[in-house]
Every structure is written in C-alpha cells, then in structure tokens.
Amino acid sequence: MPVDRDDSIITPAEMSAIDRDAALSGIDSFRLMTSAGTAVSAAALRLYPQALRFVVLCGPGNNGGDGYIAAAALHASGAQVAVHALGDPAHLKGDAARACAGWGHAGEPLAKYRPRPGDIVIDALFGAGLSRAVPDEVAAVMRAVGSEQLPVIAVDLPSGVDGRTGQVLGESFHASHTVTFMARKPGHLLLPGRTLCGSLEVFDIGIPQRILAAHTSGLSENGPHLWAGQAHALDPSAHKFKRGHLAVFSGGPLATGAARLSAAAGLKAGAGLVTLASASAALDANAAHLTAVMLKEIGDAGALARWLADKRIGAFVLGPGFGDLETARQYALLLNDRALVLDADGITAFKDDPSLLFEAYAQGETHLVMTPHDGEFARLFPDIDADPTLSKVDRAIAAAKRSHAVIVYKGADTVIASPDGRAAINTNAPPWLATAGSGDTLAGIIGAHLAQGMPAFEAAAAGVWRHGRAGAKAGEGLTAEDLAAAIEPLPA
Ligand SMILES: NC(=O)C1=CN([C@@H]2O[C@H](COP(=O)(O)OP(=O)(O)OC[C@H]3O[C@@H](n4cnc5c(N)ncnc54)[C@H](O)[C@@H]3O)[C@@H](O)[C@H]2O)[C@@H](O)CC1
Ligand SMILES: [K+]
C-alpha cells in the first residue's frame with residue numbers, strides 16, 4: 001500500500017530493495033552516494049560554522065563511503081578535516097572505495113582518534129548495514145566523544161542504532177543531528193532511536209518516487225493523512241444520534257473515575273451522546289458527578305444483552321477501572337458484533353485464554369480496538385512479546401493479525417497496527433502525557449470515533465494523534481481532566 005511520501009517510513013530491507021531497483025533502472029549509485037555525502041557536509045557547515053575541525057569517522061561499508069564524500073566536500077570548502085577509519089580502507093569495495101580514493105588523503109585508524117574541544121564529529125561508521133553489536137573499539141570512541149560532549153552529526157543513523165527496530169546494538173552515538181536519505185526508517189521514530197538521532201533531516205538524493213512507491217509498505221508516521229477522509233463523520237452540526245452514541249462501562253463504587261474520564265473524553269471528542277453503564281452499587285457515585293453524560297443501570301450480562309437491542313449505541317468502551325475480570329470477560333464476549341475499545345482490565349480479563357477473545361471478534365470488518373501498554377501486551381501476547389528479533393512495529397502487527405483487532409501498543413512511541421498489515425508510529429505525545437487517567441481519556445476518544453462509524457484503524461490512529469495534541473495543548477503538569485478539556489476538533 002503506497003503511502004504519502006512525506007509520511008511514509010521505509011525499513012532498511014525495503015531501502016536495499018529500492019537501491020537495487022534504482023541501480024537496475026540505470027541510476028548511477030555513486031551519484032546517489034555523492035548526493036548523500038554532500039548533504040551531510042552541507043548540514044555540518046550550516047549547523048556548525050564555528051567548528052574548529054570536522055572529524056569524519058568512516059566505517060567499512062557505504063555509510064563510510066558517504067563519510068569520505070562529506071570529508072572531501074568539507075575540505076573543498078576550506079574547513080579543517082580529519083578522517084579516522086574503522087578497518088583498513090584498502091578493503092573498501094565499490095562506491096565506498098571510489099569515495100575513499102576521491103578523498104585522497106591518508107586517514108588515521110579509528111582507535112587513534114582523541115576527541116578535543118571544538119571538534120564536530122561526523123559519524124559515518126554504520127548505517128543501514130549494522131548487523132550486530134558495535135565492536136569494542138567503536139564503543140570506546142563513542143564513550144570518549146560522549147564524555148567530551150562533542151556534537152555528533154550522524155550519517156543516515158547514529159551508529160549503533162538498528163534502523164529497523166530503534167534498539168541499540170551494544171552502544172551508540174547520541175547525535176545532535178541526523179541526515180537520512182529519501183525517507184525515515186523505523187529506527188528514527190521508535191525509541192530509543194528517536195532520542196538518539198537528535199534533530200532529523202530527510203534529504204532527497206534523487207531516487208525517483210516511482211521506485212520508492214513500489215517498495216513502500218503500509219507503515220507511516222501517524223498523522224491526518226491517515227484519516228483525513230473520515231473527519232466528516234465528526235460533523236458537529238449533525239443530529240446527536242447521527243454523531244454517534246458511545247457507551248462506557250463503569251467500575252465499582254470505589255473505582256468510577258476512570259470510566260467517567262473516558263466518557264467525558266468521548267463527549268468532547270465528538271460523540272453525540274455518551275452513556276455510562278454502571279452496576280447499581282456505583283450508580284450514586286456516578287450520578288453525583290455526571291451532567292452531560294447519561295447514566296444507565298447495567299448490573300449483569302442479562303441486563304447488557306437486553307440493552308444491546310438498542311442498535312443506536314454505536315460503540316462501547318470496556319476496561320478503564322472496571323475491576324471485575326469475570327464480568328469484563330462476559331461483557332466483551334456479548335459485545336462481539338459491536339464496535340468495542342478494550343482497555344486496561346478488559347484486556348487483562350483475557351490473560352488466561354486470549355484466543356477466546358480473538359475468536360469472538362474474528363468475523364466481519366475489524367471492529368475491536370485494544371489499547372495495551374507493555375504489561376498488558378505481554379499478558380495477551382506473551383510469545384510475541386518475548387521475541388527479541390521483533391521491533392515494536394512488528395509486534396503490534398503480529399498481535400493485530402492474531403487478534404483480528406486494531407492494536408494500539410502504547411508508550412512514548414505508540415504504534416497503531418491493523419490486521420491488514422497497516423501500521424503507524426505516533427510521534428506527537430509530550431512526555432507529560434504519561435499521567436494517571438491518560439489512557440482512559442485515549443480509550444474515550446477512540447470510542448467516540450468508532451461511535452461515529454469511523455473504521456477501526458483510522459479511529460484508533462486519529463484517537464492517538466488527538467490525544468497527543470491535547471497533551472501538548474494542556475501543557476506540562478496536566479491532569480487527565482485538563483486533557484479531555486484540551487481535545488481539539490479533528491482536522492478535516
Ligand atoms: N541506499 C542507498 O541508495 C544509499 C545508501 N547510502 C549509504 O549506505 C549505507 C548502507 O551501506 P551498507 O549496506 O554498506 O551498510 P553500512 O555501511 O551501514 O555497514 C555495512 C558494513 O559494516 C559491517 N558491519 C555491520 N555491523 C557491524 C558490526 N557490528 N561490527 C563490525 N562491522 C559491522 C558489515 O559487514 C559491512 O561491511 C546507508 O546507511 C547510507 O549511509 C548512501 O551512499 C546513499 C545511497
Ligand atoms: K552512521
């Protein structure tokens with residue numbers, strides 16, 4: 001599935017296929033390397049005009065080749081340049097060997113580099129080809145550069161960061177700026193990679209869009225391009241029933257707040273009507289706090305089954321503060337032909353038999369959204385969670401496929417994945433969004449979208465994005481109540 005180029009994310013494996021196709025279509029790969037290295041030198045001169053010396057650390061592959069091009073361009077601009085190479089440059093091959101020959105000066109071995117104040121380090125050791133933990137020699141240089149607090153410009157990726165997963169293989173540079181080529185890779189957006197990149201620049205080295213599009217999967221950064229076509233569903237001028245009726249299940253008398261946060265967020269996010277479904281013991285506590293949100297007594301599965309005759313209730317949220325796992329299980333199974341956001345205790349309720357839930361929601365269009373954080377994810381998908389080869393994106397997609405649900409795998413780098421293989425990485429969440437009740441608010445927003453008839457993947461992705469925006473707007477020190485109040489209209 002091609003996605004909009006500016007939002008698309010390309011894995012290192014897809015990038016290699018793109019390189020191969022570019023070469024097959026007659027594009028000169030050395031010209032691509034020249035563009036890449038020249039872009040790095042331009043970034044270095046732009047960002048650090050005061051540099052006393054640019055120190056280019058060159059690795060054994062094409063990332064190193066980019067480094068030699070950058071070194072030559074910096075030298076040609078009159079800057080002072082030193083090159084330190086990992087391994088013997090005589091062993092370089094292809095374009096990297098040609099780039100090294102073009103630099104033309106004798107380089108020093110990497111181990112001989114002694115960082116000094118005024119140095120700007122250009123990290124061209126490893127990029128997309130990193131396949132194992134960096135050697136000790138490299139780790140030692142990373143530590144030395146870090147302890148001198150020298151600025152690092154990373155070529156493609158900070159060496160040590162796995163472009164597919166964002167994980168660190170052994171040790172990595174912490175760059176102040178990263179220049180990557182054509183498109184971002186998952187490692188630029190997933191944590192900890194995102195933090196280690198510093199500011200990120202995507203430079204177009206001239207690979208045609210048609211070649212990129214042919215290898216782009218359904219992975220992109222979360223943003224309005226994913227759901228803009230669905231925003232009309234949230235038309236505030238529509239009749240309240242047309243704007244969707246959302247139902248949220250309350251917890252017991254001492255745990256009603258979470259569901260009320262979901263309900264309030266659902267209303268603010270655009271549901272026309274929101275009803276809190278509460279057992280009799282919690283009715284008084286809820287009634288004392290509700291105004292715009294309606295209240296309905298639902299005490300057991302029989303009462304819920306009768307209520308479900310009302311087909312105008314477009315979506316349900318089950319789990320926030322719910323507590324009673326056995327009842328949660330019964331309710332989730334009863335709701336299996338309705339749109340449902342299953343969160344918190346609703347997810348934990350199926351830890352002993354996840355397949356019961358997955359089979360119940362296997363029919364028809366995807367209509368279940370689950371919003372696990374790490375611990376809840378591991379409870380429902382222990383084997384996927386335990387596989388160290390998978391990235392967070394891979395995990396979310398595998399879980400979505402197995403469960404027939406859209407998975408919102410929460411965290412500072414929330415991943416939203418669909419059973420059809422589409423996925424998005426969210427990047428707009430401020431750190432202070434991790435506060436009590438934040439997840440309840442998110443469930444309510446997604447529930448509102450489902451109630452309006454948005455498809456599950458779009459509803460979830462838009463919900464995560466609006467939640468992040470609300471967090472940014474409410475600002476540091478926010479409470480979950482502030483968060484709901486800060487939800488903005490969905491951009492068309
Ligand atoms: N894709 C493209 O079209 C372009 C790619 N370019 C550059 O090419 C890079 C990818 O080049 P390569 O595929 O050669 O990969 P790299 O240059 O990232 O590294 C590959 C080399 O490192 C070795 N290696 C991997 N992990 C190691 C470890 N832990 N310890 C020691 N050695 C290790 C490999 O055996 C191989 O020799 C990109 O990151 C980018 O910088 C640019 O030249 C622009 C064009
Ligand atoms: K690098």
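## Shell around ligand 1

In this predicted model, three helices each supply at least two residues of the shell around ligand 1: α1 (12–24), α2 (29–47) and α3 (62–76). Helix α3 gives the largest share, 5 residues.

There are 27 residues around ligand 1, and those that come nearest are Gly61, Asn62, Asn63, Gly127 and Gly129. By residue class, the shell divides into 14 nonpolar, 9 polar and 4 charged residues.

## Annotated binding site

An unreviewed UniProt entry carries the annotation "binding site" for Asn63, Asp123 and Ser159. These residues are spread over 97 residues of sequence but cluster in space, with a largest C-alpha distance of 9.6 Å.

## Asn63

Asn63 belongs to helix α3, and it is also among the residues that come nearest to ligand 1. Asn63 counts as buried because 26 other C-beta atoms lie within 10 Å, where the cut-off for buried is 20 or more.

Apart from neighbours within four places in sequence, Asn63 is in contact with Ala124, Leu125, Phe126, Gly127, Gly129, Val155 and Asp156.

## Ser159

Ser159 is placed in the loop between β5 (152–155) and β6 (177–181). With 30 other C-beta atoms within 10 Å, Ser159 is therefore buried.

Its contacts, again leaving aside neighbours within four places in sequence, are Asp123, Leu125, Phe126, Leu130, Val134, Val138, Ser172 and Phe173. One of them, Asp123, also carries the "binding site" annotation in the UniProt entry. Leu125 and Phe126 are in contact with Ser159 and also with Asn63.

Terms used: Residues numbered from 1 in each chain as written. Chains lettered and ligands numbered in written order. Predicted model: local features only at pLDDT ≥ 70, side-chain atom pairs only at ≥ 80, totals over all residues. Near = placed C-beta within 6 Å. Helix = DSSP H or I, 4+ residues; strand = E, 2+ residues; numbered from the N terminus. Nonpolar A, V, L, I, M, F, W, Y, C, P; charged D, E, K, R; others polar. UniProt positions renumbered as here; feature names shortened; annotations may be inferred. Buried ≥ 20, exposed ≤ 12 C-beta atoms within 10 Å, placed from the backbone. Contact = placed C-beta atoms within 7 Å.
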